[in-house]
Structures are given as structure tokens and as C-alpha cells.
Amino acid sequence: MASTRAHPADVLLGAQAAAVRLPVCDHYSGVEARMRKSLALQAEMTAEFGTCVFDVTLDCEDGAPVGGEAEHAQLVTELALAAAPGQRVAARIHPVDHPAFESDVATIAGRAGHRLCHLMLPKVETVADVLRAVQALDAAGATQLPLHVLIESPLAVHNAFEIAAHPRVQSLSFGLMDFVSAHGGAIAAEGMGVEGQFTHPLVVRAKLAIASAAHAFGKVPSHCVVTEFGDAQAMRIAARRAAREFGYTRMWSIHPGQIRPILEAMAPDEADIHNATHIIAAAQAADWAPISFDGTLHDRASYRHFWQVLERAHATGRALPASAQHWFAALSVRSSD
């Protein structure tokens with residue numbers, strides 16, 4: 001019989017215990033001043049929330065000036081190495097068919113791979129691109145560095161399940177603007193906007209396919225950017241729709257003003273947090289046997305869902321009831337051992 005002291009993560013997740021858990025926001029910056037500000041903001045918000053609530057991805061693909069790719073890769077490397085312990089810093093390199101790809105990997109992963117939380121690979125079309133990237137990472141000595149991949153074309157969407165199945169792939173991101181432009185004008189420009197990206201059938205189909213592929217293999221689906229970065233309410237609506245309707249558990253930010261709206265929209269509601277806390281506590285008291293709670297039957301399948309609600313609340317820096325805090329304190333102790 002399971003002990004009432006058994007931790008919910010041990011009892012409930014089973015095979016899903018190996019599933020990836022990442023901050024719900026991935027913030028991109030590529031200009032030196034903005035990269036430095038992003039890292040400073042990450043440190044400030046980690047202190048505020050008590051956990052790292054967003055990744056900072058230092059961008060070589062869009063950030064490096066043409067002809068200055070090597071110098072930009074050096075800068076990204078130095079910034080990653082200088083980041084404080086506990087900061088989650090990643091880098092987006094050039095695609096595998098770009099002349100700077102090999103040198104990006106050799107410089108950034110070769111020197112700072114131990115300090116990065118992942119490497120973002122853009123323009124992935126097939127699993128062969130993933131294999132080439134893994135080979136380059138291994139050659140640079142970054143044999144444990146996870147890959148995040150950017151799905152940006154109809155062919156990539158078609159291959160999303162095979163790409164997600166690769167063990168080094170940790171997350172799939174949707175590249176909205178490149179996806180739209182890859183259709184040669186068949187998708188109107190409105191398909192890139194905050195409204196059209198949730199209504200155009202081809203865009204909707206791609207989003208669902210990527211989310212499904214990621215979840216099929218325990219990976220994290222990361223939603224595309226919202227270019228209307230001055231509209232905080234539009235950002236909240238888009239993030240909430242991405243989470244509630246399309247199954248995305250992570251989202252890109254391209255402006256510091258988008259980070260908090262993403263955290264708010266991706267977080268569970270306060271009522272959901274309290275409900276989940278009570279259900280998990282009652283389940284633990286019942287040694288994880290089925291229970292009736294407020295007239296509704298619950299068993300391990302629903303317990304798993306409510307534990308994941310609490311995990312998401314913790315990852316977004318939400319205030320947890322005192323009765324739930326000890327579960328995450330125990331996880332923190334484990335991770336530091």
C-alpha cells in the first residue's frame with residue numbers, strides 16, 4: 001500500500017515523470033543591450049517569484065549582423081558564461097544550411113554548452129536536420145545539451161511527429177511568420193496577426209499538429225510570437241487561447257512587456273489552484289485510492305491532471321496555498337541533492 005507520505009510526483013506521473021518541464025515563457029533578444037537587459041530582468045523576476053519563470057534565448061539567427069556572425073556568436077558565448085548560477089540561458093543559432101552553422105555550434109556549444117539550458121535550431125525541415133545538429137553538438141563536446149527546434153514550413157509540420165520523437169529534442173516551437181510566407185502568398189498577411197493566426201485553417205491545422213506531436217512524445221509545445229507587442233491585452237488573449245484551446249504550455253516573448261502577460265495567461269486560475277490543492281491532499285490522505293470530492297469521482301487519472309495544474313502554478317510563480325507549498329519544497333531539496 002502506498003504511504004500517505006508518498007510525493008504526488010512519484011505516485012501520479014509514472015512514465016510521465018520523464019516529461020519535460022520548462023518555464024512557460026521563452027524570451028528572445030539579439031541586440032547586445034537588450035540581451036543584457038533581458039538577463040538582468042530574469043534575475044530580478046527570479047528573486048520576485050522564487051523560481052525562474054522565463055528562459056532568456058540569446059539570438060544569433062536574427063540578432064547577428066550579416067558578416068558579423070562570428071563576433072556575435074562570441075558575444076552570446078560570453079554573456080552565457082557570465083550569467084549567474086540558476087539563470088536559464090539558451091541560444092538560437094543559424095539553421096543547418098547556413099554558412100555560420102558549424103562555427104556557431106563550435107563557439108557557443110563548445111565553450112558554453114555546460115552553461116546553456118538548451119540550443120534552439122531554426123528552419124528544421126526533417127529529422128535529418130536534427131541528426132546533423134546532434135552530430136555537431138557531440139563534436140563540440142556538448143553531448144548532453146538539449147535541442148529545441150523551430151517548425152516553420154508545411155514540410156516541417158508534416159514531419160513534426162518524427163522530429164518530436166528524437167531523444168535530444170526537448171521542445172517544438174511554431175514559427176508563424178515563416179510558415180505563412182512559405183505558402184507563397186496563399187495565406188493572407190492577416191494570418192500572421194493576433195486574430196488571423198487563430199482562425200486561418202492552415203495555421204490552425206499547423207498549430208494543432210505541432211502541439212499533438214510534442215505531447216505524443218512528452219515534449220513541450222511552444223507557441224509562436226505575437227507581433228503586436230504594444231498591446232498587452234491582445235498578448236493575454238493570444239496566450240490564453242494558445243494554452244486553453246491549442247494545448248501549448250510555453251510561448252515566445254519578443255519584448256519585455258510580453259513576459260508578464262504570458263505568465264498570467266498560462267497560469268491556472270486561483271480557484272483552479274485551490275481546487276487542485278484540496279483534491280491532491282484528499283487523494284494523498286486516501287493513499288491515492290479513488291475518492292468522491294464535492295460529489296465527483298476522482299482517481300489517479302484526474303489526480304494526475306490536478307497535480308499538473310499545481311506544477312504549472314509553481315512554474316508561473318503563482319501563490320500556492322500553504323498546504324501545497326511543502327510538495328514543491330521537497331522537490332527543490334531533491335534537485336539540489
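A residue counts as buried when its relative accessible area is under 20%. Keep that cut-off handy for these exercises on a predicted model.

**Exercise 1.** Work out whether F174 and F179 are buried or exposed, and how their rings meet.

*Solution.* Start with F174: its relative accessibility is 2%, so F174 is buried. F179 has a relative accessible area of 3%, so F179 is buried too. Now the rings: the centres of F174 and F179 lie 5.3 Å apart and the planes stand at 65 degrees, which makes the pair edge-to-face.

**Exercise 2.** Find where W288 and Y303 sit in the chain, and describe their pairing.

*Solution.* First, the ring centres of W288 and Y303 are 6.2 Å apart with 65 degrees between the planes, an edge-to-face pair.

**Exercise 3.** Decide how helix 2 is oriented against helix 3, and say which residues make the contact.

*Solution.* Helix 2 (residues 32-49) packs against helix 3 (residues 69-82) at about 15 degrees, with the axes 11 Å apart. Angles under 35 degrees count as roughly parallel, so helix 2 is roughly parallel to helix 3. Helix 2 brings E32, M35, R36 and L39 to the contact, and helix 3 brings H72, L75, V76 and L79. Sort these residues by class and you get five nonpolar, one polar and two charged.

How values were computed:
Residues are numbered from 1 along each chain as its sequence is written. This is a predicted model: local features need pLDDT of at least 70, side-chain atom pairs count only at pLDDT 80 or more; totals for chains, interfaces and linings use all residues. Side-chain values use heavy atoms; hydrogens and water are left out. Axes are lines fitted to C-alpha atoms, for helices over the stretch in contact, and angles run from 0 to 180 degrees between N-to-C directions. Helices (H or I, at least four residues) and strands (E, at least two) are DSSP runs, numbered from the N terminus. Angles under 35 degrees count as roughly parallel, over 145 as roughly antiparallel, 65 to 115 as roughly perpendicular and the rest as oblique. Contact means heavy atoms within 4.5 Å. Ala, Val, Leu, Ile, Met, Phe, Trp, Tyr, Cys and Pro count as nonpolar, Asp, Glu, Lys and Arg as charged, and the others, Gly among them, as polar. Rings of Phe, Tyr and Trp (its six-membered ring) pair if their centres lie within 6.5 Å; planes under 30 degrees apart count as stacked, over 60 as edge-to-face and the rest as tilted. Buried means under 20% relative accessible area, exposed over 50%, partly exposed in between (1.4 Å probe, protein chains only).
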